[in-house]
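The sequence and structure are shown first.

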Amino acid sequence: MILAVTWHIDGVIGSLVREDSRELANRGYDVMVLHPWHDDASVREGGVTYRHVAITIKSNVNIVTSVISALGDFARAMSELFHERYDPSQVRLIISYEWTGSLLGSLAKKFLERPLMTSVHSVESMRTSEKSLLSLSIRGLEMRFLHYSDLVVARSKEAYARVLAEYRVPSDRAKVALSPKDMASIVMEVLESP
Amino acid sequence: MMLSWEYPPRIVGGLARHVYWLSKALAQRGVEVTVVTLDYPETPRVEQEKNLKIVRVAGHGFTSSDFASWVHQFNLNMIEAALEEEDVSLIHVHDWLTATAGITLKHLLRKPLITTIHSTEYGRRRGVLHEELQRHIHEVEWWLAYESWRVIVCSHYMKGELMRFLRVPEDKISVIPNGINPFELKLQFDVREIRRKYADDWEKIVLFVGRMVYEKGPHVFVDAALSLLSRRQDVKFVLVGEGPMRKDLMDKVYKSGLWHKFYFTGFVEDIELYELYEVCDVAVFPSLYEPFGIVALEAMSVGKPVVVSDTGGLSEIVVDGFNGLKVPPGDVRALSYAIERLIVNRGMAEEMGRNGAQRVKELYSWDVVGEKTFRLYEQVLREYSSNPWKPKKLTRALL
């Protein structure tokens, strides 16, 4: 099983998550996507299982507090999945999306003791040029969790360059995937490597 | 495993001392306690003294745009450190500041979560949650109580607050009072000499101890003092504590022309506080909101009669006429007459002081509080052992 963890299930990142997952499912992998939603249900779609995670905290101080507060909800979902339904050893790889998914995915890595791959569509410096405390805080979290990832997969050449230059991720732990097919090939390569 | 954002030497409020003495009391009963807390300059990351282990994680080294994101980010560090610990039987969290770590660990480890809620945001803000941060804290408190197997509060007043504001079911709440460490150190000092630092020999000393914030009622104390001074002059009022109201109150006293009858000490160290408790004649705690009222216990522990407002935890600590006097919260006139009663009737005041010291020993020592907490742990673990909610997959070392 490949466990994908994402904070975004709509918009650009959401599309990427769905396309990557579909591509992996087409190649015969069992994919489960954990994402925030209004309930704790599971939905099967295009060969992929989407496990909703109901988010308890609705107040919105900022994105950092929202994502970290959701850790308890993601822990609840993982606990239910891997203490009750699946053997944790069935999970072979965790794929997280952006710093938000990577923060939540780090919990899965710690819990399941499986490698964490982080897909980076953009980093904070590509989204904003401002130097607010919130932005600096996000950069700090990106730095922390990109380094916590076993492999960083940039989804554009610009993102790749920034991951290397601004975040100092070693080049042997960073790759580029310009399409879901590229991403699936990288996943296969990781899973088939000794 | 206990989670607390403060633990000595990091002392911000009363929580640090509470967790310190409780963890010690539990460890003395044979419980293996690990406290995960924030770091402090020049303290080791890990300390172990017999079966009490302190693990400190970084509370710095990351940027935060606001208080909540700082709190949540250090919770990330706590989760990481806590997952390194083995054989956790239960998780005990203190207040919302470690809620994220507590709830996350509960689910990952599938171990019971116990929470002590020392006060609520709703109570602290007197029911008005203007800002998103306040609403966030309130929401996190609700979630923490919801996720907990049992919730501990320090008074029946707080139990009511949790039932009303956080909708916690009554049978999920245990009332275990805060403990105090009576000033065991009987310092050898000359009482008369210390007394003279604050008052003339012919003056009685009336003491207020508390933060200078609205909820502690320092303004009620000053008004009652001015009222009493209009009837008699043989009294000196000493106010211990810092806070935003201090300057305004000092201005008010100055303008009254009775500046020489007041002494604002600001923050004082424990030794000086102990001296003040020893030399005062009456200690007064006129809080308008008070979940517990540990300062009243401190005064009682050294045998002083107290006057408290009939609210919150203070109501439960003081039995009117037995170990102190109670007055309606905010009632300046009643407060000034109650203080006067204890100044005039010295025999009655001394008897109340003795009763108070005895009551502290019987009900509020850390030994008693540790025992009650230990019994609650046992009860929770018994319930847990017969509950199907458990870690099923024992494939990982930490489970």
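Where is the place of A:Glu113 in chain A? A:Glu113 is placed in the loop between α4 and β6 (116-120) of chain A. This residue has a positive phi of about 55° although it is not a glycine.

The model is a predicted one, in which local features need pLDDT of at least 70 and side-chain atom pairs count only at pLDDT 80 or more, whereas totals for chains, interfaces and linings use all residues. Residues are numbered from 1 along each chain as its sequence is written, and chains are lettered from A and ligands numbered from 1 in the order in which they are written. Helices (H or I, at least four residues) and strands (E, at least two) are DSSP runs, numbered from the N terminus.

**Domains of chain B**

Chain B is divided into domain 1 (2-179 + 366-385) and domain 2 (191-363), with bounds that come from an automatic or database domain assignment. The C-alpha centres of domain 1 and domain 2 of chain B lie 31 Å apart. Their contact (C-beta atoms, placed from the backbone, within 7 Å) takes 13 residues from domain 1 of chain B and 9 residues from domain 2 of chain B. On the domain 1 side, the largest share, 3 residues, comes from helix α6 (residues 156-165) of chain B. That side divides into 5 nonpolar, 7 polar and 1 charged residues. In this classification Ala, Val, Leu, Ile, Met, Phe, Trp, Tyr, Cys and Pro count as nonpolar, Asp, Glu, Lys and Arg as charged, and the others, Gly among them, as polar.

Strands of a sheet pair through backbone hydrogen bonds, either parallel or antiparallel. Here, two strands pair if DSSP finds at least two bridges between them.

One open sheet of chain B has 8 strands in the order β3-β4-β2-β1-β5-β6-β7-β8, with mixed pairing. Its edge strands are β3 (46-49) and β8 (173-175) of chain B, each of which pairs on one side only. Within this sheet, β1 (residues 2-3) and β2 (residues 33-38) of chain B run parallel and are joined by 2 bridges; B:Met2 stands opposite B:Val35 in β2(B). Helix α3(B) packs on the sheet, where it touches β1, β5 (91-94) and β6 (113-116) of chain B, and its direction makes about 165° with that of β5(B). Such angles run from 0 to 180 degrees between N-to-C directions, and axes are lines fitted to C-alpha atoms, for helices over the stretch in contact. In the loop between β1 and α1 of chain B lies B:Pro9, which a cis peptide bond with omega of about 10° joins to B:Pro8.

Another open sheet of chain B has 6 strands in the order β11-β10-β9-β12-β13-β14, with parallel pairing. At its edges stand β11 (262-266) and β14 (324-327) of chain B, each with a single partner strand, so one side of each is left without a neighbour in the sheet. The twist averages 20° from one strand to the next. Strands β9 (residues 204-209) and β10 (residues 235-240) of chain B run parallel and share 6 bridges, with B:Val206 opposite B:Phe237 in β10(B). Helix α11 (residues 294-301) of chain B lies across β9, β12 (282-285) and β13 (306-309) of chain B, at about 165° to β13(B). Helix α13 (residues 332-344) of chain B lies across β9, β10, β12, β13 and β14 of chain B, at about 165° to β14(B).

**Helix pairs**

| Helices | Angle | Axis distance |
|---|---|---|
| α4 (98-112) and α6 (133-148) of chain A | about 50° | 9 Å |
| α1 (14-28) and α15 (366-385) of chain B | about 70° | 9 Å |

The angle makes α1(B) roughly perpendicular to α15(B), whereas α4(A) and α6(A) are oblique to each other. Angles under 35 degrees count as roughly parallel, over 145 as roughly antiparallel, 65 to 115 as roughly perpendicular and the rest as oblique. The crossing of α1(B) and α15(B) is right-handed, and α4(A) passes α6(A) in a left-handed crossing. A crossing is left-handed if the near helix is turned anticlockwise from the far one by less than a right angle, and right-handed if clockwise.

**The contact between the chains**

The contact takes 30 residues from chain B and 32 residues from chain A. On the chain B side, α2 (67-82), α3 (99-109) and α5 (132-147) of chain B are the elements that give two or more residues. The largest share, 7 residues, comes from α5(B).

Methods:
Two residues are in contact if their C-beta atoms, placed from the backbone, lie within 7 Å.
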